[in-house]
Amino acid sequence: MRNIKLIIEYDGKGFNGWQKQPNKLNIQGEIERTIKEVTGEEVELNASGRTDAGVHAISQVANFKTESNIDINKIPLALNSKLKKSIIIKKAEEVDLNFHARYNAKGKKYRYIINNSLVGSAIYRDLEYNFPIKLDVEKMKHAAKYFEGEHDFKAFRSSGTSNKNSVREIYKVEIKEENERIILEFTGNGFLYNMVRIMVGTLMDVGLGKIKPESIKDIIDSKERTKAGKTAPAQGLYLVEVYY
């Protein structure tokens, strides 16, 4: 028995998220189908976490167990030759049998891209969120600092989550501008369902002057979802890195 760890990149457009679901196109199911074609085995692919419909990944991590003797260096090429072009296996490596992509993860980094131009981009429309009203980035940077540290982020999770414990630690929030794009990066030990997208939506309200930067602390303390901003659209979000 071997345990294979995969580093996966994908464009989430057109997929109903990571999780395997009957009669819906999903990333987990596509990769498992391809592994079966290559190895002849039915496998269970464990990811570091599920991404929603339309969300992208630069380095998602997943693992599966196999009896196959296929050369580890040939696995990416073999799978990529059969996968949809919107999914790429960047790397495969053999790991300890006890390794689990989700349970062993120590932290993650997410990126959100806002195109803050008036007309947006035809080419990147499914890879960023076009918001045509000018945002005050300095105010957003000020507000972002209130997210850092360990807090109960109950106000920043969508309903339907299975997580009973809503305490998480955010190590760092960085916001930078590249031409007319605003790039937000969140690094932490874990994230609740839709947490990053709700934090982005709330920071956008700060950028619009609807919420004062220092009010972020009050929103966190309230633990009320209704106090935070809207959930930003999926297409601007990327899972960038998983830490072990």
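A pocket is an open set of grid points with protein on both sides within 12 Å along at least five of seven lines, and its lining residues have an atom within 4 Å of a point. The legends below describe close-up views of a predicted model.

**View 1. The largest pocket and the residues that line it.**
The largest pocket is lined by 40 residues, and those that lie nearest its centre are Ser 48, Gly 49, Arg 50, Arg 102 and Lys 108. The space in this largest pocket comes to about 1,100 Å³. Strand β2 (46-47), strand β5 (107-115) and helix α4 each supply at least two residues of its lining. When the lining of the largest pocket is divided by class, 14 residues are nonpolar, 18 are polar and 8 are charged.

**View 2. The second largest pocket, with its share of helix α4.**
About 220 Å³ of space lies in the second largest pocket, and 13 residues line this pocket, with Phe 131, Gly 201, Met 204, Asp 205 and Lys 230 lying nearest its centre. Helix α4 gives the largest share of the lining of the second largest pocket, namely 3 residues. Sorted by class, the lining of this second largest pocket holds 7 nonpolar, 3 polar and 3 charged residues.

In the whole structure, the search finds 1 cavity of 30 Å³ or more, and the largest cavity holds about 40 Å³ of space. The residues lining the largest cavity are Ile 35, Val 38, Thr 39, Phe 64, Ile 70, Ile 75 and Leu 79. Helices α1 (27-39) and α2 (75-80) each supply at least two residues of this lining, and helix α1 gives the most, with 3 residues. By class, the lining of the largest cavity has 6 nonpolar residues, 1 polar residue and no charged residue.

**View 3. The largest nonpolar core, seen around Ile 31.**
The largest nonpolar core has 68 residues, and those with the most contacts inside this core are Leu 6, Ile 31, Phe 156 and Met 199. Helix α4 (residues 195-207) gives the most to the core, with 8 residues. Which residues is Ile 31 in contact with, leaving aside its neighbours within four places in sequence? They are Leu 6, Ile 8, Trp 18, Leu 45, Leu 83, Ile 87 and Ile 89.

**View 4. Strand β3 and the strands that pair with it.**
Strand β3 (residues 56-66) is largely enclosed by the rest of the structure, because 9 of its 11 residues are buried, where buried means under 20% relative accessible area. Strand β1 (residues 2-10) runs antiparallel to β3 and is joined to it by 8 bridges, with Ile 8 standing opposite Gln 60 in β3. Strand β2 also pairs with β3 in the antiparallel sense, over 2 bridges, and the bridge partner of Ala 47 in β3 is Ala 62. Strand β10 (residues 237-243), by contrast, runs parallel to β3 and is joined to it by 2 bridges, and here the bridge partner of Ala 57 in β10 is Leu 239.

Strand β7 (residues 149-152) and strand β8 (residues 167-178) pair in the antiparallel sense over 4 bridges, and Gly 149 stands opposite Ile 170 in β8. Strand β8 is also joined by 8 bridges to strand β9 (residues 181-188), and these two strands run antiparallel, with Glu 177 standing opposite Ile 182 in β9. Strands β8 and β9 form a hairpin with 2 residues between them. Asn 179, in the loop between β8 and β9, has a positive phi of about 55° although it is not a glycine. Most residues other than glycine have a negative phi.

Asn 194 lies in the loop between β9 and α4, and its phi is near 65°, a positive value in a residue other than glycine.

Key. Residues are numbered from 1 along each chain as its sequence is written. This is a predicted model: local features need pLDDT of at least 70, side-chain atom pairs count only at pLDDT 80 or more; totals for chains, interfaces and linings use all residues. Side-chain values use heavy atoms; hydrogens and water are left out. On a 1 Å grid over the protein atoms alone, a cavity is a set of points where a 1.4 Å probe fits but cannot get out, and a pocket is an open set with protein on both sides within 12 Å along at least five of seven lines; lining residues have an atom within 4 Å of a point. Grid points are joined across faces, edges and corners, and a volume is the space filled by probe spheres set on the points. Ala, Val, Leu, Ile, Met, Phe, Trp, Tyr, Cys and Pro count as nonpolar, Asp, Glu, Lys and Arg as charged, and the others, Gly among them, as polar. A nonpolar core is a set of buried Ala, Val, Leu, Ile, Met, Phe, Trp, Tyr and Cys residues joined through side-chain atoms within 4.5 Å. Buried means under 20% relative accessible area, exposed over 50%, partly exposed in between (1.4 Å probe, protein chains only). Contact means heavy atoms within 4.5 Å. Two strands pair if DSSP finds at least two bridges between them.
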